[in-house]
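Hello,

I am passing on the structure we spoke about. Please look it over first; my notes follow below.

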Amino acid sequence: MSIRVENIQRSFGAFKALDGVTLDFPTGELVALLGPSGCGKTTLLRIIAGLDFADSGRILLDGEDASSTHVRERKVGFVFQHYALFRHMTVFENVAFGLRVKRKGRPLDKVIRAKVTELLKLVQLDWLADRYPAQLSGGQRQRIALARALAVGPSVLLLDEPFGALDAKVRKELRRWLRRLHDELHITSIFVTHDQEEALELADRVVVMNRGKVEQVGAAEDVYSNPATPFVYEFLGAVNEFRGNVVGEGLQVGTDVIPQVGRGYGNGQQVVGFARPHELDIVVDHANTNVGVPARVNRILSFGPVARIELSRLNGGGETTEQQFEVQLPAQRLAELQLTTGQAVRLLSSRLRLFDQGSVK
Amino acid sequence: MPGVRSPRVLPGFGLSVGFTVFYLSLIVLVPLSAVFIKSAELSPAEFWSVVTAPRVMASYRLSFGASLLAAAINVVFGLLLAWSLVRYSFPGKRIVDALIDLPFALPTAVAGIALTAIYAGNGIVGQYLEPLGIKVAYTPLGVVVALIFIGVPFVVRTVQPVLEDLDVEFEEAAASLGATRWQTVRRVVLPMLAPALLTGFAMAFARAVGEYGSVIFIAGNMPMVSEITPLIIITKLEQYDYVGATAVAAVMLIVSFALLLIINGLQAWTARNNRSGR
């Protein structure tokens with residue numbers, strides 16, 4: 001089922017949870033709603049499910065207006081962050097619940113039994129059928145919650161921070177497992193997360209939200225490598241920030257210059273340049289130049305194939321300032337540089353993403 | 001290993017258990033056993049004839065019957081009250097919340113007099129009920145009304161915290177699976193509340209069985225009709241029939257204990273798989 005939300009507004013008192021959100025979710029895709037807490041992603045998911053209602057705007061399910069349809073009639077499977085398994089029922093009865101409460105055409109007991117067993121096999125937990133939720137681990141509970149949601153044959157699967165309450169290792173396993181499951185079933189799915197790694201790894205498309213608005217929509221690699229706004233850039237990974245003016249093809253930061261191609265910005269324009277840690281390089285022999293931003297090495301973390309170096313920016317007088325940088329270098333490059341803690345160096349960037357200073361908070 | 005005491009994290013186990021047993025004996029068990037010791041002065045045949053006298057039998061039926069009925073009514077309406085207080089916000093909610101506790105605090109005799117004044121044939125409510133053929137004061141119905149009054153806080157106060165902890169997510173999950181509101185309440189909410197409801201029932205019932213002050217005013221105390229067992233005991237005491245009084249009291253104790261045991265068993269059974277699902 002395809003989903004379209006049109007110009008959704010939702011306020012809680014004075015707080016605008018959603019401010020004019022319009023989005024399309026094509027059939028069969030796995031889409032992530034990504035954003036910091038309070039950005040409105042869960043509210044949007046609940047409005048799509050019918051657990052909450054928009055102040056204005058429309059929800060179209062397969063092209064039909066479902067804005068006022070009750071959650072019961074929407075044919076959505078909803079998976080809660082804290083599973084919401086019925087604790088007085090066995091795993092089997094939990095999964096069977098949706099089939100047992102059907103009023104029209106309730107399946108025979110035999111059919112229910114077969115269907116539930118099939119679903120429990122799908123989530124690889126058929127051996128737990130007679131247990132109670134309290135006897136399961138978190139990961140098992142979430143899989144049962146998913147099986148329960150699938151039992152009613154939903155045309156949309158909505159997952160609210162499905163792995164949020166699990167520990168890192170289980171989260172990673174379940175992530176892979178959910179992706180495989182989606183590739184098998186091809187149900188249109190939307191999941192909410194605040195974990196950018198989870199969104200980028202799992203989803204076909206990522207919707208980045210902030211303060212009730214959509215910041216960017218796109219494929220994972222697209223959103224990661226071409227962030228449309230400073231917010232998206234900062235939210236998707238570690239960031240080094242350089243404020244300055246465009247001078248010719250370079251960016252002048254204080255009295256120093258980072259040589260690079262200024263894309264679409266005129267001379268003298270005030271901009272902020274962003275660079276990921278791996279996009280920065282360190283130069284040591286900088287004697288009397290103003291090429292590169294001066295900084296002092298604070299810490300070198302050299303385990304693994306990639307070394308991380310933390311630095312503080314130096315001002316014109318050679319004193320350290322509060323601004324911090326993080327650089328990632330291949331171990332080999334680090335060995336060439338022979339850096340030591342406390343050393344003064346200069347930072348260069350192989351790639352800077354420029355934004356108007358006005359658009360950065 | 002024999003001879004080696006396993007260390008305990010919490011110290012003072014022996015002392016605290018010893019004190020608990022001693023205190024419970026002093027406050028509860030010793031007075032209760034006195035009831036049995038005193039009533040043992042009767043021969044089994046005498047005992048039997050005292051506790052099965054027709055007037056006493058009628059009082060058991062009223063006391064236990066009215067108490068069970070009142071507790072059952074309190075479970076229904078106490079749940080409703082608790083539900084409104086937990087799930088909705090409305091003006092004056094805190095006042096309503098405070099009012100619930102009043103039957104705890106009010107001297108029961110005052111409650112009895114107030115109820116009698118209202119429900120008597122010429123009372124504020126009674127004058128409208130009487131033409132309809134409904135007599136409340138000085139009838140078993142009056143006893144039930146008084147027992148409902150004193151029992152309602154027990155149900156509300158046991159259900160309320162459990163309801164507060166019951167996440168709306170469970171109801172949302174049920175609705176998203178296609179359950180109607182009624183199916184959700186019957187299959188999800190009520191089973192999850194069952195242990196608390198049974199506890200509230202047991203407490204309201206226990207209180208009602210032991211209630212004296214509020215009932216004797218409104219009951220009218222007609223032998224065979226509206227006389228409760230505690231009143232029979234008091235009457236016997238006033239006639240210096242201590243042995244007879246304790247014999248009836250012993251029966252009351254045994255029946256109450258048996259009923260509470262059954263309710264607690266039910267409660268434990270429903271609570272068994274009702275642990276937190278998180």
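**The sheet in chain A**

Chain A holds an open sheet of six strands, in the order β6-β7-β8-β3-β9-β10, and its pairing is mixed. Please keep in mind that this is a predicted model. At the edges of the sheet are β6 (76-79) and β10 (213-219) of chain A, each of which pairs on one side only. Direction ignored, neighbouring strands of this sheet are turned by 15° against each other on average.

One of the pairs joins strand β3 (residues 30-34) of chain A to strand β9 (residues 205-210) of chain A; the two run in the parallel sense and share four bridges. Across this pair, A:L33 stands opposite A:V207 in β9(A). A helix also packs on the sheet: α4 (residues 138-151) of chain A touches β6 and β7 (156-160) of chain A. The direction of α4 makes about 165° with that of β6(A).

**Domains of chain A**

The domain assignment divides chain A into domain 1 (3-235) and domain 2 (240-359). Taken over C-alpha atoms, the centres of domain 1 and domain 2 of chain A are separated by 41 Å. Where they touch, domain 1 of chain A gives four residues to the contact and domain 2 of chain A gives five residues. On the domain 1 side of chain A, the residues that touch domain 2 are three nonpolar and one polar, with no charged residue.

**Where the chains meet**

How many residues of chain B are in contact with chain A? The contact takes 20 residues of chain B and 23 residues of chain A. On the side of chain B that touches chain A, α9 (168-176) and α10 (181-210) of chain B each supply at least two residues. The most come from α9(B), with six residues. By class, this side of chain B has eight nonpolar, seven polar and five charged residues.

**A helix in chain B**

Helix α13 (residues 242-271) of chain B has 30 residues, which at 1.5 Å a residue should span 44 Å; the end C-alpha atoms are 42 Å apart, which agrees. Buried in α13(B) are B:G244, B:A245, B:T246, B:A247, B:V248, B:A249, B:A250 and B:M252. What do the buried residues of α13(B) pack against? Their partners are four helices of chain B: α1 (13-39), α2 (44-51), α3 (54-87) and α12 (229-238).

Regards

Definitions and conventions: Residues are numbered from 1 along each chain as its sequence is written. Chains are lettered from A and ligands numbered from 1 in the order in which they are written. This is a predicted model: local features need pLDDT of at least 70, side-chain atom pairs count only at pLDDT 80 or more; totals for chains, interfaces and linings use all residues. Domain bounds come from an automatic or database domain assignment. Two residues are in contact if their C-beta atoms, placed from the backbone, lie within 7 Å. Ala, Val, Leu, Ile, Met, Phe, Trp, Tyr, Cys and Pro count as nonpolar, Asp, Glu, Lys and Arg as charged, and the others, Gly among them, as polar. The expected span of a helix is 1.5 Å times one less than its number of residues. A residue is buried if 20 or more other C-beta atoms lie within 10 Å of its own, exposed if 12 or fewer, and partly exposed in between; C-beta atoms are placed from the backbone. Two strands pair if DSSP finds at least two bridges between them. Axes are lines fitted to C-alpha atoms, for helices over the stretch in contact, and angles run from 0 to 180 degrees between N-to-C directions.
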